[in-house]
Amino acid sequence: MARMEARPKPVLREDWCKGCGRCVEVCARSCIAPGEQVNPGSGLVPISLRLDDCNGCGLCVDACPEPYALVAAGLAGRLAAARPPAPWAPPPEVPAERVPVPERRPLVLKGTHASAVGALLAGCRHFFGYPITPSTEGAELMAKLLPALGGTFLQAASEVATVNHMYGCGGAGRPSMTFTSSPGFSLMLEGISYMIGAEVPGVFVDVMRAGPGLGNIGPEQSDLKLACRGLGHGNTHAPVLAPATPQEMLDFTALAFELAFRYRTPVVVLADGHLGQMTGKVSLPRELARPGLPSWAVPGDAAHRGNLVCSLLLEEAQQERHNLALLEKYARVTAAEQRAELFRCDDAELVLVACNSPARTAKGAVQALRAEGIRAGLFRPQTVWPFPIRHLAPLLGRARAILVVEASDGQLEDELRLALSHAGRAPGEIRHVRRLGGVLPAEGEILAAARSLSAEVRQ
Ligand code: SF4
Ligand code: SF4
């Protein structure tokens, strides 16, 4: 009588095991235990095997979703003899496309709605969010439109859940976004740090409101510092766009998606409560975007199986190299993406610096000052990180003073001073008009401060 051949015991190929534990659950003989050591190759924690009692039933091999992690001994031998199945040769990039659209009449939209339309035109079909005033109308519009476009709207359990949904969606190479407001944005910062570390794109539209704490729902530029300097722990920066009109809410949101994928990074569109609710004429672009699929993504198909999107690098030298690469990326963003509007700055002796809603009032003040014979101009950062110092520096030879107008406790002025310092420029005479708590700077107080400063520096 022929002897029954022993059934092959499983072999673990650690680099491929993601530690999901499915094999642990199915083994009736307790041969498999969750692991404790991170595998430096994958950054994950593979299981451990003790096969003394293994009968070779093969249930664990069947349960394993990774085709190369837990395999029968015969296959393990063949895999070892064969070339590795090219886990580190990513598939070709599927490029994004621009699709022309017919000209349409302009719409009249509120800021949050304009931003939602900008996201849809940029190809965003995944929205994750948690309602928070004064940003909720943007999410509402996405909830109405996305299902009809074959997209996904998910009201998450919290802001923390939101940012982690975005982490997953961005890791799959898909454009995603959220609308939030200051207390909600604060809750997302850890996840944004993860996304920056793992180089995952995603767009955060933060309609800022007054703080600290829950504050109120009035407009304040309360998150400038957070967005420019505090996107979570570690070496974190991301482009921060500061719209001032409903048109820019659309344009900058669409631009944010472009930047997010160009640089593999989260991007923040920093609006304020006033701008979010403000209604204005909005022209639609003549093109919309059809997103591609980046070669680095992990969309869950076989072709991208070898990719790993992860912010965990346990080996110190490797983590340092990663940080240096991030610094190099920040330098590229700083060199290429500084944006600003200059209004009547050519001959300005007094330069008002303002962004978001306060910039609208400051622009009116500049016109009034010009009518009085005061040579004033408005410098409006459209990116607050990177601060557009390259556009400001040429004005500094003629300008005798700067007046910073903001709805915060000096957060914009701090960015300005830091940018001047890094550029090796003396700060010169800088004054400010600041309001807080949901109160925006009024034209009268800007004019009073500007007249007084102008008279002072002319003496
Ligand atoms: S082959 Fe069967 S007994 Fe052996 S480790 Fe897998 S599930 Fe357990
Ligand atoms: S061997 Fe497979 S099933 Fe088991 S933990 Fe690893 S990936 Fe999951």
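The model is predicted; local features need pLDDT of at least 70, side-chain atom pairs count only at pLDDT 80 or more, and totals for chains, interfaces and linings use all residues. Residues are numbered from 1 along each chain as its sequence is written, while chains are lettered from A and ligands numbered from 1 in the order in which they are written.

The C-alpha atoms of the chain fill a box of roughly 110 × 45 × 40 Å along the principal axes. The chain holds 15 helices and 20 strands. These elements are DSSP runs, numbered from the N terminus: helices are H or I with at least four residues, and strands are E with at least two. Of the 459 residues, 43% are buried. A buried residue has 20 or more other C-beta atoms within 10 Å of its own; an exposed one has 12 or fewer, and a partly exposed one lies in between, with C-beta atoms placed from the backbone. Among contacts between residues at least 6 apart in sequence, 80% join residues at least 24 apart. Two residues are in contact if their C-beta atoms, placed from the backbone, lie within 7 Å.

The domain assignment gives domain 1 (10–81), domain 2 (104–336) and domain 3 (340–458). Such bounds come from an automatic or database domain assignment. The centres of domain 1 and domain 2, taken over C-alpha atoms, are separated by 38 Å. Four residues of domain 1 are in contact with five residues of domain 2. On the domain 1 side, the touching residues are two nonpolar, two polar and no charged. Here Ala, Val, Leu, Ile, Met, Phe, Trp, Tyr, Cys and Pro count as nonpolar, Asp, Glu, Lys and Arg as charged, and the others, Gly among them, as polar.

Seven strands form an open sheet of mixed pairing, in the order β8-β7-β9-β10-β12-β11-β18. Its edge strands are β8 (152–155) and β18 (383–385), each pairing on one side only. Strands pair if DSSP finds at least two bridges between them. Strand β12 (residues 266–272) pairs in the parallel sense with β11 (residues 240–241) over two bridges. In that pair, L241 stands opposite V269 of β12. Strands β10 and β12 also run parallel, joined by seven bridges. There, V203 has V267 of β12 as its bridge partner.

Strand β12 is largely enclosed by the rest of the structure, because seven of its seven residues are buried. Both faces are covered: P266, V268, L270 and D272 lie on one side, and V267, V269 and A271 on the other. Helix α9 (residues 246–262) lies across β10 (202–208), β11 and β12, at about 165° to β12. Axes are lines fitted to C-alpha atoms, for helices over the stretch in contact, and angles run from 0 to 180 degrees between N-to-C directions.

Helix α4 (residues 111–121) is mostly covered, with 11 of its 11 residues buried. Among them are H113, V117 and L120. After α4 comes G123, with a positive phi near 95°.

Ligand 1 has 14 residues around it, and C27, C31, C54, C57 and C60 come nearest. A residue is near a molecule or strand if its C-beta atom, placed from the backbone, lies within 6 Å of it. The ligand 1 shell divides into nine nonpolar, three polar and two charged residues. Ligand 2 is also surrounded by 14 residues, the closest being C17, C20, C23, C64 and L70. Its shell holds nine nonpolar, two polar and three charged residues.
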